[in-house]
Amino acid sequence: MTAVTDQGRDHGQGHGPESEGPVEVPAGDVRRWDDGLIARRAAEAAQDRLEAERPPQDEPGPEAEAYAMSGSALRPRLDALRELVGLSRARLDGSTLAEAGRVLDEASARRRLSARHTVVAVAGATGSGKSTLFNALAGVQISDTGLRRPTTSAPIACSWTDGAAGLLDRLAIPGRLRRRPVQGGTAVDEALQGLVLVDLPDHDSAATGHREQVDRVLALVDAVIWVVDPEKYADAALHERYLRPLAGHAEISFVVLNQIDRLSGEAADLVLDDLRRLLDEDGMAVGEHGEPGATVMSLSALTGAGVGDLRELLGRFVQDRTAAARRLSADVDAAAARLRSVYVADGRPGLGERARDEFTERLAEAVGAAAAGQAAEREWRRNANRACGTPWLRLWRWYESTRQLGGLDLMAQVLAPPEEELTARQRVEQAVRQLADDAVDGLPGPWAQAVREAAVNGAKGLPEALDDLSRSAQTGGGRGRGGNTDTGSAPVGPGAGLGKRGSTSVGGKSAPVAGAPAGRGTRPPRPAWWPAAVFAQASMTLLQIFGGLWLLGQIVGVIEPGLLTPALVMLAGVVGGPLVEWSCAAAARGPARRYGQEAERRLREAAAGCGRARVLDPVAAELARYREVRERYVAVTEFSTTGA
């Protein structure tokens, strides 16, 4: 180990050097440079200096108790941040969560270490005098000072009490660079018990390794003393690289204007005021009304002016024992600020009733629910006409249907599907796209992407599922009894089946269209009055036959002549048949309409259930996951103690 010269000041140098031509001599030699002359030191002073510079052996005292954060707002914030990271890993990339993960790791490591110690780093630019201030605070020459730049090449630690080995190991400071200060037993020295002071290399050093060490240690210490000088206090590198990004750590920052002995009293005040202005612009919250912010003061480490005040401030700061928690809280604030864009939405995203209703309405259109209801109504009325119509009219209708069976229906089957099939699939895709757009409105990018993926993945089999649904609905058959339909088992309705003539496609297959013929195998329920109507129609038919035979018998002479009575009987049958048919048709309108509406409702509900299971529920699950992580994010930021 070597000792270096006492500090001198060459004001002709641009950086305000701290010593005048250091000459290294063996550590055991008691000679030192002093104002260019060799001065003798008393043996006792030399011995004290050697004891102070000797590297400590294994610290005999036990490691201090772990840092307890229970009872403070920091623990729930860390727990919320941990849950937030865990819930977000499947939705966000690792680089986005890297800073939050680092904060959690560092918080966990710090909580396991000493609660009685506060680690304070002394940082500054080349020639700012930070090493001189470090020595002045320690009361002994520990860190080398001099004209050679950079002078400090590695972090050096000075611990006022035992039990800080774990903290220094965390900072990767070797035992040969750990020192103890000279303590005079004063009240200020007592207040500094628990302080661990670390002298850092120059943050603007030409050596890249030095800057890397500064950045590494600054991320781990509990507080920082930024040392600036009158020439470089406004250096952009300091403000843009460190002070501005660390504005949220203002409460654990001390900004010290050193070398005020080089300025007159008025000039020192002007420089200090300008420094405060710059810090305000950096967001360090330095003001006149006691708001939280950085501590700013001026001193001269060389002459000792103001050093005592800084020691007193550090003593109160150390005894408060909240620096580590405040540092971690500021780190959590910084991590939360970086994550804000991926958790905070511009509006109130979600699926409202209107969006859900529009989605189910589009699915109903795609599956042909309205057309199926109309077809079911027509089929019900057609069955009523078949049961209650006159036999002569039924024969004519049968003849017309068989004559046209291979004509228009076959043409509709051949020509209609291709264009309609494409339209049906497009309707399903459009419904899913519109639902996704409504759901992600205002969502942050990653969560919007997750919601869209959930909607798209669910929609991959939706057209085919709707197609199967329609086919199964058609083949279900009618099982109503009397004039009512069974709500649990009534069919979707004739014409609702897919793959039949006059149908459109859902999923590249087919879906019903308006005017589709009744699906075979389906039979609407018959109301209770149908047997009476059938009996009345049969009676009218029998009257016609009886009257006709009576007249025929009179014509051939088998029966005595008397045209009036048989003519009236036959006329009653001829007029009564259409009258019964017309009455039944009028009576069937209401039940037929209700039957068609019920068929449409069932198909709508079935299509809505299919869409809900495949698209709505996955989208709602993603939105619920976002709301959960948003609540965790709010918990992370809610109890901020730094005002960030």
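In this predicted model, helix 4 (residues 130–138) packs with helix 10 (residues 307–320) at an angle of about 70°, and their axes lie 10 Å apart. Because angles of 65 to 115 degrees count as roughly perpendicular, helix 4 is described as roughly perpendicular to helix 10. The crossing of these two helices, helix 4 and helix 10, is right-handed.

The residues that form this contact can be named from each side. Helix 4 contributes Leu133, Ala136, Leu137 and Ala138, which meet Val307, Leu310, Arg311 and Leu314 of helix 10. Sorted by class, the contact of helix 4 with helix 10 comprises seven nonpolar residues, one charged residue and no polar residues.

Two or more lining residues come from each of helix 3 (94–111), helix 7 (208–218), helix 8 (236–243) and helix 11 (323–343). Helix 11 gives the most to this lining, with seven residues. In terms of class, the lining of the second largest pocket has nine nonpolar and eight charged residues, together with two polar ones.

Methods: Residues numbered from 1 in each chain as written. Predicted model: local features only at pLDDT ≥ 70, side-chain atom pairs only at ≥ 80, totals over all residues. Heavy atoms only, no water. Helix = DSSP H or I, 4+ residues; strand = E, 2+ residues; numbered from the N terminus. Nonpolar A, V, L, I, M, F, W, Y, C, P; charged D, E, K, R; others polar. Axes fitted to C-alpha atoms, helices over the stretch in contact; angles between N-to-C directions. Parallel < 35°, antiparallel > 145°, perpendicular 65-115°, else oblique. Left-handed = near helix turned anticlockwise from the far one by under 90°. Contact = heavy atoms within 4.5 Å.
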